[in-house]
Every structure is written in structure tokens, then in C-alpha cells.
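Please look over the sequence and the model shown here before reading on.

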Amino acid sequence: MLLIGAPGSEFRRAAELAQGAGAEVSMADAPALALEALREQGADLVMIDVLEDAVGFLDDLRRERFVVPVLACGISAPAERAVAAIRAGARDYVPLPPQRELIAAAIASVVERQAQVPIGGHPVLDRAMALAAAVAPSGAPVLVLGGKGSGKEMMAREIHRLSGRPDPIVSVECAGVAADVLESELFGHEAGAFPGAAARRVGRLESVRGGTIFLREVGALAPATQARLLAALIEKRFGRLGGQAEIPFAARLIASTSMDLEAAVAAGSFREDLLVRLSLARIEVPPLAEHDDDIAALAGHFIAQFARGDGLSPRPLSEDAIAVLRAYGWPGNIRELKECIHRAALLAHGPLIEAEDLTRADGSPLAALVSLPSADGRIEVDGLIGRTVEEVERELILGTLERCHGNRTSASNILGISVRTMRNKLRTFIEGGIAVPPAA
């Protein structure tokens with residue numbers, strides 16, 4: 001993470017305090033110096049004091065095709081500066097407390113949130129971790145599969161940790177990024193390679209050296225970028241845009257996807273030869289619903305993390321809250337759980353986080369979306385008497401699917417049936433003229 005703030009400012013002093021406490025951050029005195037650092041080594045995240053020229057800095061990033069997320073920060077900063085930074089493209093504005101120690105804790109928390117490792121010990125997750133440990137020491141590319149928010153990046157970071165390779169591990173988002181911007185991000189460029197290329201830029205494939213490059217949602221790569229990446233994997237070298245020099249490629253490549261790349265190959269949108277290269281080792285990260293025994297441990301980890309970062313007292317989960325968390329389908333997987341716990345940590349007022357403190361992003365209570373067994377472990381059936389088994393099964397499947405927001409895998413896991421059985425049932429419903437929730 002790169003922090004931008006003037007020497008002697010409270011933000012800079014707090015950043016130095018966080019760095020002294022072990023947070024992996026680098027610092028720049030001004031936006032121009034930050035640009036020089038980004039051209040040479042890149043960054044996963046930038047935090048800039050809004051008392052600096054945040055708008056000009058963000059304009060320069062856009063001109064030079066940087067895609068690094070930027071958080072604007074301020075201590076009692078004028079509102080117009082925060083608004084201007086957001087309008088210029090900052091990911092968010094983070095108001096900081098006046099106490100230097102609390103600012104340092106917030107910075108350290110952001111760094112910690114950027115680098116987590118998988119938690120839990122469920123057999124389905126253990127199998128994935130065992131495969132990760134087996135392939136980690138090799139230099140072979142790895143393809144990590146799984147739904148959105150399931151923890152693919154955490155798995156990639158664990159593979160890097162187990163590999164024994166030197167840091168860093170660098171993440172690059174492929175989805176939602178223009179092809180020309182992504183090419184500069186990956187391969188770098190020389191000065192004058194395109195309008196706005198004011199100076200030479202070192203790409204991520206070069207700056208990571210012998211570490212690990214992690215490509216998120218690799219299926220979104222444009223055809224030309226796929227070809228350049230394939231050539232780099234085969235030849236172990238590449239060139240910057242607009243340059244002639246050949247640069248060695250010594251990094252370990254890990255890619256992730258939540259899409260069906262075989263279907264993309266069949267559709268002609270993804271290269272089969274690149275998929276073969278990336279698939280020398282495949283690791284599938286299970287959806288959270290498949291290792292729900294880990295939910296309480298994950299939630300406890302997030303509670304402690306947010307308490308440190310937000311200056312709150314950590315509140316344990318009540319038994320009712322844990323029951324609701326385990327009964328919910330989690331179509332957004334670990335990411336959705338993390339966001340839910342963050343909201344609960346902010347909303348809770350008692351000594352515990354209660355079931356009513358758990359909400360979805362739209363504010364709806366999580367408890368209203370789940371069915372819990374009675375105290376003796378039995379499910380109430382009074383409302384089902386008089387209905388056929390076929391009707392009850394249909395309503396149960398459709399109700400579960402609706403609460404999982406159309407996610408067939410999550411609903412199948414909750415119901416204890418295979419995805420194929422789920423699809424066959426849904427096909428029967430559709431043929432019978434019954435509306436079915438669209439797939440997530």
C-alpha cells in the first residue's frame with residue numbers, strides 16, 4: 001500500500017507509526033513522487049491525504065492508465081475536497097479521527113484486510129488446501145475456480161505463502177478494465193507509447209520479479225492480451241508497450257475465474273491454448289454453504305478485525321446470531337459474510353451481536369430469510385398438512401432458491417441435493433408453467 005501525505009502532517013506521522021508497528025506500507029511526500037513510485041513498482045492500494053492535490057493525482061493516474069484503487073483520507077477535511085476526490089475517481093473517502101494512534105490502527109487494518117488467509121477446517125476446504133499445498137512448491141501456473149466472493153484470492157495468497165517464493169504477490173483485476181489500460185498494467189510501457197504516457201512505466205509482470213502475479217477473473221482478458229500473456233508464459237519474456245527490449249518473466253502466475261472457461265473456449269472468447277497453460281493445476285474453492293461449519297470462526301475473525309480498524313469493542317455473536325448465519329444460503333460467499341459482519345459490528349449496541357443486528361446490504365434482516373428448527377430440533381409442519389409431498393417439495397425448492405437469490409449451487413447445498421437434481425426439478429417446474437427465479 002502506498003500512502004501520500006506531506007512530511008510532518010498528522011496523516012504522515014500516523015502512517016510512519018503504522019509502518020513502525022509492522023504495517024507493510026510505503027510513503028510518498030507528494031503526488032508527483034507517488035507517480036514515480038507507481039511507475040517503478042506499482043501498488044495494490046493508494047491512500048492520499050485530501051489536503052494534497054487528490055484531483056490532479058487521480059487525473060494523472062487516468063492519463064497514464066493506472067487502475068490502482070485510491071482511498072481519499074482526511075482529518076476534519078473540508079467537505080468540498082472529499083466530494084471533489086470522489087467525483088475525480090477515488091474509490092471512497094475515509095474520514096480519520098484526530099488521534100494519531102487511531103489513524104495508525106485504521107491504516108494497519110486496511111493493510112490486514114488486503115492480505116488474509118483461509119480460516120476453517122471443514123473437510124471440503126481441507127481437500128482444496130491439501131491440493132494447494134501440493135502444487136505450491138512448483139512453478140506451474142495455477143487456475144483457482146469458485147463463485148464470486150468464495151475466497152479465491154485468499155487461496156492464491158496461501159499458495160504463494162506455501163511456495164517459498166519471495167514477496168510480493170501482486171493482484172491485478174481483469175474484469176471491468178479497458179483492454180489498453182490492462183495491457184499497460186500488466187506489461188508496462190515506454191514514454192510516448194500512447195498519448196499520456198509521460199514516462200516509462202514498469203508493468204506488474206516485471207515489478208513482481210520472482211514473486212507471484214495473481215490475475216482475478218482471467219476470463220475477462222481481451223483476445224490481444226490473451227495472446228501476449230500466452231507468449232510470455234511460453235517464452236518466459238515479454239516487452240513493454242512501445243519498446244523493443246525483452247524483459248525476463250520469472251514470476252509464478254495464478255489466475256482465478258468464476259466463469260466456465262471451457263464454455264468461453266467453445267464460444268470463441270477465450271483461447272484454448274491459454275486455458276491449457278493456465279490449467280496445469282486446478283483448485284476449486286468451495287462455496288461457503290459447503291463448509292458452513294467454518295462460518296462462526298470466520299465471523300469471529302472479521303469481528304476482531306473490524307473492532308481493531310474501527311476502534312470498537314469486539315462483541316461476540318449470540319447463539320441465535322450464529323444459528324441465523326449458518327442457516328442463511330450466502331450466495332455472495334465469504335465476501336457477503338464479511339460485509340454482513342461489518343454492518344453488524346457497527347449496528348450492535350448490546351454486549352453481544354444479536355440475530356436482529358444481522359442485515360443484508362439493503363437493510364433487510366437476515367433472520368427473516370431463514371427457517372430455523374424449533375427448540376426440540378423439529379420443524380413446524382402445521383401449515384403443510386393437507387398439501388401433497390410434491391407441492392411441499394416444490395415450494396421448498398423455490399423458496400430456498402429465492403432466498404439464495406437464484407444461486408443454484410447454494411440452494412442445492414442447503415437442500416442436500418445435487419446441482420443436477422436441482423436443474424432437473426427446475427426444468428420440470430418450467431415445463432409445468434411455474435415461474436422459477438433466474439440464475440444468479
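Helix α7 (residues 152–163) lies across β6, β7, β8 (212–216), β11 and β12, running at about 160° to β11. This is a predicted model, in which local features need pLDDT of at least 70, side-chain atom pairs count only at pLDDT 80 or more, and totals for chains, interfaces and linings use all residues. Residues are numbered from 1 along each chain as its sequence is written, and side-chain values use heavy atoms, with hydrogens and water left out.

**The sheet and its helices**

- Helices (H or I, at least four residues) and strands (E, at least two) are DSSP runs, numbered from the N terminus.
- An open sheet is built from five strands in the order β7-β8-β11-β6-β12, with parallel pairing; two strands pair if DSSP finds at least two bridges between them.
- Because β7 (169–173) and β12 stand at the edges with a single partner strand each, one side of each is left without a neighbour in the sheet.
- On average, neighbouring strands of this sheet are turned by 20° against each other, direction ignored.
- Helix α6 (residues 123–135) lies across β6, β11 and β12 and runs at about 155° to β12.
- Axes are lines fitted to C-alpha atoms, for helices over the stretch in contact (heavy atoms within 4.5 Å), and angles run from 0 to 180 degrees between N-to-C directions.

**Strand β6**

- From strand β6 (residues 142–145), V142 and V144 point one way and L143 and L145 the other way, and all are buried (under 20% relative accessible area, with exposed over 50% and partly exposed in between; 1.4 Å probe, protein chains only).
- In a regular strand the side chains alternate between the two faces of the sheet.
- Four bridges join β6 to the parallel strand β11 (residues 252–257), where V142 stands opposite I254.
- Three bridges join β6 to the parallel strand β12 (residues 282–284), where E284 is the bridge partner of L145.

**Nonpolar cores**

- A nonpolar core is a set of buried Ala, Val, Leu, Ile, Met, Phe, Trp, Tyr and Cys residues joined through side-chain atoms within 4.5 Å.
- The largest such core has 30 residues, and I213, L215, V218, F249 and L278 have the most contacts inside it.
- Helix α10 (223–235) is one of the elements that supply at least two residues of this core, and α10 gives the most, with four residues.

**Residue E183**

- E183 is placed in helix α8 (residues 179–187) and counts as buried because its relative accessibility is 12%.
- Leaving aside neighbours within four places in sequence, E183 is in contact with G188, A224, T225, R228 and L241.
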